[in-house]
Amino acid sequence: MEDVEIIVIGAGIAGASAAAELAANARVVLLEMEQQPGYHATARSAAFFAAAYGKKLIRDVTGCCENFFLHPPEGFTEVPLIRLRDFMFFGRADQSEQMLAMQADNPRLQFLDAAEVHRRVPVLSTDYLHGALWDRMGGDLDVDAMLQGYLRLFRRRGGKLMTQHKVHALSHTDGRWQVDAGAERFSAPIVVNAAGAWADRVAVMAGLDPLGIKPLLRSALLIDPPAGMSVDDWPMMIDADEDFYFKPDAGQIMISPADETPTEPCDAQPDDFEIAVAVDRFERASGLDIRKVNHTWGGLRTFAPDRVFVAGFDPRAEGFFWLAGQGGYGVQSAPAMAQLVNWLVTDTRPPADFEPAMQYVEAVSPERLL
């Protein structure tokens, strides 16, 4: 039995970032079932910072993280965490009302007409386009640098990472949680459930009814751009109805049909039908005939029923803390959510940049889902 103060289950970006912040004030062990941290959703994210993406709560929490990505703490990383890139919601004429509603909800978005969008993203057909809503606040994230930065910070603060330690039992006795993982047992008064797609399964092991956090499969692919067309400075492009999106990726074009296929927690693989859907939608928008797909992959995005983060102590079980339901926003929101977790668990106020996220403590509490 190894006794600590906090056990964090799951070493994706959510668990790793929270564990790193918690380790400044407590003895923390971080348990990961895979051989390396971040194997599932973290390693397969779209790797983009889009403060205009999602509900207002999501946007506000994400916006808190901009300064962290632009100016990370000293010693956190040796490489930039973000490469600035614009962001656009684009649409056809029949999507114009949807675009007006989006702009009303987020007035920072600026409308660009079809000619201007085509000038910036010449692969799109002007016959297809009505226009786009533009946000200059965005960028490509170096997800691995971010994850490794948090893991280094965690270790410097005395935290202990245990990979290949899949949790298979939890029990609560005399104010402490006993967690069996791998061939070892750990004990702590607080458990943080950051298990991603497996979050509800961890709760069931702890004797709790699940909250309804569901993993959804998302597929993606890479293609070459048209000959002679440079894509490096294109914005991140999302269809106004989020039927598909695309962005530059190391000289290629990454495309996703934005699929959300319910699935069991697993090592996700791309759905061949959805890959075909993505190709078709991109062809209709661009007029191209895509003959070759270079690479495909799949990832899991987990959502609570209301599609909002879940972070807070479960009132049904002393010391059981949820950090789940990050959906497609987990990487870009992780710095703020880690600060929120640290505040709720150790009563440590966050730096000023993250204060706006703290207004949402009740909105993200698991109690809303009970």
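Reader: So helices (H or I, at least four residues) and strands (E, at least two) are DSSP runs, numbered from the N terminus. In which strand is Gln178 found?

Author: Gln178 is in strand E12, which covers residues 176–181. Residues are numbered from 1 along each chain as its sequence is written, and side-chain values use heavy atoms, with hydrogens and water left out. This is a predicted model, so local features need pLDDT of at least 70 and side-chain atom pairs count only at pLDDT 80 or more, while totals for chains, interfaces and linings use all residues.

Reader: Thanks! Is Gln178 buried or exposed?

Author: Gln178 is buried, at a relative accessible area of 12%. Buried means under 20% relative accessible area, exposed over 50%, and partly exposed in between (1.4 Å probe, protein chains only).

Reader: And what does Gln178 touch?

Author: Setting aside residues up to four places away in sequence, Gln178 touches a list that includes Met1, Ala169, His172, Arg185 and Phe186. Contact here means heavy atoms within 4.5 Å.

Reader: OK, switching to Ile255. Where is Ile255 found?

Author: Ile255 belongs to strand E18, residues 252–256. Its relative accessibility is 0%, so Ile255 counts as buried. As for E18, four of its five residues are buried.

Reader: What is Ile255 in contact with?

Author: Beyond its neighbours within four places in sequence, the contacts of Ile255 are Ser219, Ala220, Leu221, Ile223, Tyr245, Phe246, Ala278 and Phe282. On C-alpha positions, Ile255 and Arg281 are 9.6 Å apart in space and 26 residues apart in sequence.

Reader: Which strands pair with E18?

Author: Two strands stated to be pairs count as such if DSSP finds at least two bridges between them. Strand E15 (residues 214–223) pairs with E18 in the antiparallel sense over three bridges, and there Leu221 has Ile255 as its bridge partner. Strand E17 (residues 245–249) is also antiparallel to E18, over five bridges, with Tyr245 standing opposite Ser256.

Reader: How many residues lie between E17 and E18 in their hairpin?

Author: There are two residues between E17 and E18, and Ala250 in the turn has a positive phi of about 55°.

Reader: Nice. What about E22, how many of its residues are buried?

Author: Five of the five residues of strand E22 (residues 320–324) are buried, so E22 is largely enclosed by the rest of the structure. Both of its faces are covered: Phe320, Trp322 and Ala324 are buried on one side, and Phe321 and Leu323 on the other. In a regular strand the side chains alternate between the two faces of the sheet.

Reader: Does E14 run parallel or antiparallel to E22?

Author: E14 (residues 190–193) and E22 run parallel, joined by three bridges. Val191 has Phe320 as its bridge partner in E22. Strand E21 (residues 310–313), by contrast, pairs with E22 in the antiparallel sense over four bridges, and Ala311 stands opposite Leu323.

Reader: What sits between the strands in the hairpin of E21 and E22?

Author: Six residues sit between them, and Gly319 takes a positive phi near 80° in that hairpin.

Reader: On to helices. How many residues of H1 are buried?

Author: Ten of the ten residues of helix H1 (residues 13–22) are buried, among them Ile13, Ser17, Glu21 and Leu22.

Reader: Last one: in what order do the strands of the open sheet with E4 come?

Author: The order is E4-E9-E5, three strands with antiparallel pairing. Strands E4 (48–50) and E5 (82–84) stand at the edges with a single partner strand each, so one side of each is left without a neighbour in the sheet. E5 pairs with strand E9 (residues 138–141) over three bridges, and Leu84 has Gly139 as its bridge partner in E9.
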